[in-house]
2 protein chains.
Amino acid sequence: MATKLTAAAREAALKGLPAWRYDKDSDAIQREFKFKDFSAAFGFMTRVALLAQAANHHPDWSNSYNKVTIALSTHDAGGVTRSDAELAAAIDLLAG
Amino acid sequence: MATKLTAAAREAALKGLPAWRYDKDSDAIQREFKFKDFSAAFGFMTRVALLAQAANHHPDWSNSYNKVTIALSTHDAGGVTRSDAELAAAIDLLAG
């Protein structure tokens, strides 16, 4: 069972994820990605979907043409867990 | 060049799209779709992406696990056009 990170642990995790920021309102970590066009954006989303499905941990995300915004939190734990930080790191690797 | 539909024309178009509603704030038509799980939701999104890319008309959309919310408007025209109504009808066909 995933446990919500303490604020200190979350901040420590975010040190390794400099492109992500913590959003207090949604109690999630977020990052926006920008691509050349829709095709590139949706290609990225497809790779993230495969990753998320394999990890059984799914993002809350949106897309508008070449932009993709991803928010990660663990609903069952009521906040950001180690799984969110791990998925964020894996997504960063995809984004290059 | 796409022309924004008049309010009357938009309402007439929505009569043929009963699952869609007009959102005044975003000046877009919206529909929420619910699926069995993430895999089904993302499969649907992939089919919509292919459709959108072929039509060169792209949705503003979000996904959270088994839910997909789609908003259609034409940025260049500053509102809802015939292209949005056509894409909405094509998406409805995919959703079955």
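Mentor: Start in chain A, in the loop that joins strand 3 (60-64) to strand 4 (67-72): Tyr65(A) sits there. Keep in mind that this is a predicted model.

Trainee: Why is Tyr65(A) called partly exposed?
Mentor: Its relative accessibility is 39%. Buried needs under 20%, exposed needs over 50%. The value falls in between, so Tyr65(A) counts as partly exposed.

Trainee: What makes the phi of Tyr65(A) worth a remark?
Mentor: Its phi is near 50 degrees, a positive value, and the residue is not glycine. Most residues other than glycine have a negative phi.

Trainee: Is Asp27(B) buried or exposed?
Mentor: Buried. Its relative accessibility is 16%. The cut-off is under 20%, so Asp27(B) counts as buried.

Trainee: How do you know that the length of helix 3 of chain B agrees with its residue count?
Mentor: Helix 3 has 14 residues, 82-95. At 1.5 Å a residue they should span 20 Å, and the end C-alpha atoms are 20 Å apart, so the two agree.

Trainee: Which residues of helix 3 of chain B are buried?
Mentor: Asp84(B), Ala85(B), Leu87(B), Ala88(B), Ile91(B) and Asp92(B).

Trainee: What puts them on the same side of helix 3 of chain B?
Mentor: They cover an arc of only 165 degrees around the axis, which places them on the same side. Residues three or four places apart point the same way, because an α-helix has 3.6 residues a turn. On the other side of helix 3, Glu86(B) and Leu93(B) are exposed.

Trainee: What covers the buried residues of helix 3 of chain B?
Mentor: The cover includes helix 1 (7-15), strand 2 (28-34), helix 2 (38-55) and strand 4 (67-72) of chain B. Just after helix 3, Gly96(B) has a positive phi of about 75 degrees.

Trainee: Which residues are closest to the centre of the largest pocket?
Mentor: The pocket has a volume of about 320 Å³. Of its 14 lining residues, Asn56(A), His57(A), His58(A), His75(A) and Asp76(A) are the closest to its centre.

How values were computed:
Residues numbered from 1 in each chain as written. Chains lettered and ligands numbered in written order. Predicted model: local features only at pLDDT ≥ 70, side-chain atom pairs only at ≥ 80, totals over all residues. Heavy atoms only, no water. Helix = DSSP H or I, 4+ residues; strand = E, 2+ residues; numbered from the N terminus. Expected span 1.5 Å × (residues − 1). Buried < 20%, exposed > 50% of the residue type's maximum accessible area, 1.4 Å probe, protein only. Arc of directions from axis to C-beta. Contact = heavy atoms within 4.5 Å. 1 Å grid on protein atoms, 1.4 Å probe; cavity = no way out; pocket = protein on both sides within 12 Å on 5 of 7 lines; lining within 4 Å. Points joined across faces, edges and corners; volume = space filled by probe spheres on them.
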